[in-house]
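Hello,

Here is the structure you asked about. My notes on it follow below.

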Amino acid sequence: DRDDHYYSPLVGTWELIEDLYGPVPQSETNFITFYSDGAGLYEGYNINGVWDSWNTYWDSYYGSELIIYFPDGDKWYYFWEINKGYLYLYNMNAPNYYYI
């Protein structure tokens with residue numbers, strides 16, 4: 001069952017501060033925003049090193065699964081948890097985590 005976006009603890013803007021390799025330098029960080037209507041925004045540097053943003057949509061299921069949809073059809077699948085104000089995203093396809 002899909003979770004209610006409006007009441008989701010995911011709603012807000014999250015900054016990537018650590019990834020699989022450790023702390024992320026400010027020059028390489030990105031941001032993801034989850035809006036209460038299911039829309040979202042991903043901001044970061046593109047492959048050319050230019051700051052860019054992409055409109056997204058998101059769904060959360062069972063209080064622990066997250067899918068982020070991009071306009072080009074790409075989908076990111078995560079398990080998520082929030083602990084002490086930090087959002088942890090675990091790639092569903094690998095044991096990697098992202099600490100936001």
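The largest nonpolar core has 13 residues, of which Leu10, Phe34, Leu66, Ile68 and Leu87 touch the most other members. A nonpolar core here is a set of buried Ala, Val, Leu, Ile, Met, Phe, Trp, Tyr and Cys residues joined through side-chain atoms within 4.5 Å; buried means under 20% relative accessible area, with a 1.4 Å probe and protein chains only. At least two residues of this core come from each of strand 4 (31-34), strand 7 (65-69), strand 8 (75-83) and strand 9 (86-91). Strands are DSSP runs of E, at least two residues long, and helices are runs of H or I of at least four, both numbered from the N terminus.

This is a predicted model: local features need pLDDT of at least 70 and side-chain atom pairs pLDDT 80 or more, while totals for chains, interfaces and linings use all residues. Numbering starts from 1 along each chain as its sequence is written, and side-chain values use heavy atoms, without hydrogens and water.

Beyond its neighbours within four places in sequence, Leu10 is in contact with Phe34, Trp58, Ser60, Leu66, Trp80 and Leu87 (contact: heavy atoms within 4.5 Å).

As for the whole chain, there are 10 strands and zero helices. The radius of gyration, over C-alpha atoms, is 13 Å, close to the 13 Å of the globule rule for 100 residues (2.2 Å times the number of residues to the power 0.38), so the chain is as compact as a globular protein of that length. Of the 100 residues, 34% are buried.

Regards

Methods. Buried < 20%, exposed > 50% of the residue type's maximum accessible area, 1.4 Å probe, protein only.
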